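Please look over the sequence and the model shown below.

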Amino acid sequence: MTKPVVFITRNDFPQPAIQLLGKYFTLKCWQGEKNIPRETFLECVKGAFAIMCSHHVHVDGEVADVAGESLKVVSCFSVGYDHLQVDELRKRGIRMGYTPGVLTEATAETAVTLLLATARRLNECYTIVRNNQWTADSWHPFYLAGQGLEGATVGVIGLGRIGLSVAKKLVPFNIKRLLYYSRSEKPEGAALGGELKSVDEIVKESDFIVLTVALNAETRHIINKERINSMKPNAIIVNIGRGGLIDQRALTEALLNKKIGGAGLDVTDPEPIEPNDPLTTMDNVVISPHIGSSTFVSRNAMGDLAARNIIAVFTVKCWPEEKPI
Ligand code: DGY
């Protein structure tokens, strides 16, 4: 029997995952150094059984149609799957895989990193030291004074795996209140002393607001102008979900007008952020280039899971006589 084809949108996914896939499938892989152009992608997926892709690649009904009946699974090397047109793929019976669980800690650590870096003004500290501006006369009692977590109110929007891990990491900083937004009360949230609140209440009451929800039609611009305007003047907002969760124009305006304290962003809208975007030069904004889950351990585990998701469809759903590994 000829092996079905898996089309892989990058040649630098973790090697063990690729080797694993190679045991079952014929692998076709985009070799370019840049993200695969749409036209090339459409050409390459023809006749594929599976597509393994990063979050940069939009997979919609057109891709499914061009790939044809052979396409049974789209496997994301990411926990977010807003780059998939889920309804179109589901309609055609195409399975979808993603990588929850294995990147929870890495991504939650990024949230904490951005929160602390923004709160303690690391951008400014770094720039001052780099530019040899730390002089003998620099010091005064409030030199580079920032905000601490002790006694603060922290609001986590989205208490899924990552949100919960962020909350668990922040509670030991002696925060005063943990607020969380979720569709329903979560025992894990209550166990941490957390209070279930609406998004409106969270944005009004929190000193630190952490966004961990997935991006979808309901959550797009969950942080809009009105909500930004209702934040405390010291509020720091951290986003490790997707850039589209925040109305970035409204955020920029609020930061320029010093209406809120700062922002720590691992994700922006668009990505990459425009070179001259004012957010890139603000002292109170710390931006990382969408590296939330990027630890060696997590990325290898994501590769493994993305590969196994394809194999699972092959062995369990399509060819039940094949033994799952
Ligand atoms: C994810 O897993 O969704 C990340 O944002 C992409 O690496």
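Seven strands form an open sheet in the order E8-E7-E6-E9-E10-E11-E12, with parallel pairing, where strands (E, at least two residues) and helices (H or I, at least four) are DSSP runs numbered from the N terminus, and two strands count as paired if DSSP finds at least two bridges between them. Strand E8 (194–196) and strand E12 (285–287) are the edges of this sheet, and each has a single partner strand, so one side of each is left without a neighbour in the sheet. On average, and with direction ignored, neighbouring strands here are turned by 15° against each other; the axes behind such angles are lines fitted to C-alpha atoms, for helices over the stretch in contact, and angles run from 0 to 180 degrees between N-to-C directions. Strand E11 (residues 262–265) runs parallel to E12 and is joined to it by 3 bridges, and Gly264 has Val286 in E12 as its bridge partner. Helix H7 (residues 161–170) packs on the sheet, where it touches strand E6 (153–157), strand E7 (177–181), E8 and strand E9 (208–211), and its direction makes about 165° with that of E6; contact here requires that the C-beta atoms of two residues, placed from the backbone, lie within 7 Å.

All of this describes a predicted model, in which local features need pLDDT of at least 70 and side-chain atom pairs count only at pLDDT 80 or more, while totals for chains, interfaces and linings use all residues. Residues are numbered from 1 along each chain as its sequence is written. The chain averages a pLDDT of 96, and 97% of the residues score at least 70, pLDDT being the predictor's confidence in each residue on a scale from 0 to 100. The model scores ipTM 0.94 and pTM 0.95.

A further open sheet is formed by 5 strands in the order E2-E1-E3-E4-E5, and its pairing is parallel. Its edge strands are strand E2 (26–29) and strand E5 (95–97), each of which pairs on one side only, and the twist from one strand to the next averages 20°. Strand E4 (residues 73–76) runs parallel to E5, with 3 bridges joining the two, and Val73 stands opposite Arg95 in E5.

Taken as a whole, the secondary structure of the chain comes to 12 helices and 12 strands. The radius of gyration of the chain is 22 Å, close to the 20 Å that the globule rule gives for 325 residues, so the chain is as compact as a globular protein of that length; the radius is taken over C-alpha atoms, and the rule is 2.2 Å times the number of residues to the power 0.38. Along the principal axes, the C-alpha atoms fill a box of roughly 75 × 45 × 35 Å.

Some backbone details lie in the loops. A cis peptide bond with omega of about 10° joins Asp269 and Pro270, and Pro270 is found in the loop between E11 and E12. The peptide bond from Glu271 to Pro272 is cis, with omega near -10°, and Pro272 is likewise found in the loop between E11 and E12. Arg121, which lies in the loop between helix H5 (104–119) and helix H6 (122–130), has a phi near 60°, a positive value in a residue other than glycine.

Which residues surround the ligand? They are His55, Ser78, Val79, Gly80, Leu103, Gly292 and Ser293, a residue being near a molecule if its C-beta atom, placed from the backbone, lies within 6 Å of it. By class, this shell has 2 nonpolar, 5 polar and no charged residues, where Ala, Val, Leu, Ile, Met, Phe, Trp, Tyr, Cys and Pro count as nonpolar, Asp, Glu, Lys and Arg as charged, and the others, Gly among them, as polar.
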